[in-house]
Amino acid sequence: MNVLVVGNGGREHAILLALRKSKRVEKLYCMKGNAGTAEIAENVDVDYMNVEAVKDYVSAHPEIDYYVVAPDDPLAIGLVDELEAMGKRCFGPRKNAAIIEASKAFAKELMKKYKIPTAESETFEDYSKALEYIRKKGAPLVLKADGLALGKGVLICETIEQAEEGLKEIMLDKAFGAAGNKIVIEELMRGLRYTPGEEVSVLAFTDGKTIIPMITSCDHKRSGDGDKGLNTGGMGTFSPCPFWNEKLEKQVLKTIMIPTMKAMNAEGRTFKGCLYFGLMRTDKGMKVVEYNSRFGDPETQVVLPMLKTDLMDIFEAVTEGKLSDIKIEWEEGACVCVVLASGGYPVSYVKGKEITIGETGNAQIVHAGTAVKDGRLVTAGGRVLGVVAKGKDIEEARLKAYSAVENINWENMHYRKDIGVKYREG
């Protein structure tokens, strides 16, 4: 089979690396791709948000058998619908199901309607009414821009002043563009041991009839050590989550995952693809923080390297509605990903810095924001590389990853030094 993966970040490189191991995949393509994907796939220089341009390319390349639409934006505008209408087989939800991530307001209303545990919230389109609610409710609060904002449209506000400033930033200053036309204001959930809480990412394969969770992972969202600084798309991950166990998984399947799958079916929005559950362990049990309609980034970078089952087999089972027929197996041990970012990320940063990569041992280098310019590997984004390493446990894996990081460099390179430390004690 010839397979094209849509996207150009670390998630897409990680998916391609997993597909490369399949005995059934002959040739890989990536639209648009990066310097890393170019090493294992044919990069396709087409803007995947330009649906007509994508359709023209697809029409001209009948040799491509299967499409994986990986990022949130093309899913939200219905790229899967367009490809399916052309008779193409795809992995990824249709537009009416991808709304579970594309609109936080939709997701919150879905959870309220079907009694899926989550934080209490209200949704506003009017700035003055939202401001009135904040002053009445009091802090702490979480403000979420309704639409897609590259994983950055969430503000945790410990004081009324922070909440008022955040509301202005989202709704009036349009810090996240049109994503902030509507806002969700919710209670700040507290975890059992940490503030604001203990979060775990659980990605799941689903064909709308069966839902199978993958191994768990934990994401470090803040830009600085000790969870300080601004929210980012993710500065690193580790897998598995130490507090996760079989009993908890059964409970989450029963109270959150299966009800979500059934709720989407009941709404006429059957979800087929990878459904991401961002969960928090609270004193009132596991609750949903957010849904994503696709593989997480950088969670994918630590989950897929541990997959033993052929990823192409799973993708096809989802497409054909036969997920219940497949047994999905995982390696023992742990995996850690340290994200190397451009200095200044997630605000402003300079692209085009030359990257030098020395000896990295057994670590796998996953490219996110890279390009080749005049024969040199250079930075081309905020998150540039993911350094991924496996080990018998999280500690061994993180030591291997950080050992490799020491041999990678570019001007103003920034990374966290505490990935995997937060949950050492489990």
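The model is predicted, so local features need pLDDT of at least 70 and side-chain atom pairs count only at pLDDT 80 or more, while totals for chains, interfaces and linings use all residues. Residues are numbered from 1 along each chain as its sequence is written, and side-chain values use heavy atoms, with hydrogens and water left out.

The structure holds 10 aromatic pairs, where rings of Phe, Tyr and Trp (its six-membered ring) pair if their centres lie within 6.5 Å, and planes under 30 degrees apart count as stacked, over 60 as edge-to-face and the rest as tilted. Two of these pairs involve Phe295, as the table sets out.

| Pair | Centre to centre | Angle between planes | Type |
|---|---|---|---|
| Phe91 and Phe295 | 6.1 Å | 35 degrees | tilted |
| Phe205 and Phe295 | 6.1 Å | 75 degrees | edge-to-face |

Phe205 lies in strand E10 (residues 198-206) and Phe295 in the loop between E17 and H10, so this pair ties together parts that are 90 residues apart in sequence. Phe91, in strand E5 (residues 89-91), is 204 residues from Phe295; helices (H or I, at least four residues) and strands (E, at least two) are DSSP runs, numbered from the N terminus.

Phe205 has a relative accessible area of 0% and Phe295 one of 2%, so both count as buried (under 20% relative accessible area, with exposed over 50% and partly exposed in between, for a 1.4 Å probe and protein chains only). Phe91 is buried as well, and Tyr66, Phe91, Phe205, Phe295 and Phe315 form one aromatic cluster.

Elsewhere, Arg281 lies over the face of Phe243, at 4.0 Å from the ring centre, and the charged end of Lys417 sits over the ring of Tyr415, 4.8 Å from its centre; a charge sits over a ring if NZ of Lys or CZ of Arg is within 6 Å of the ring centre and within 35 degrees of the ring normal.
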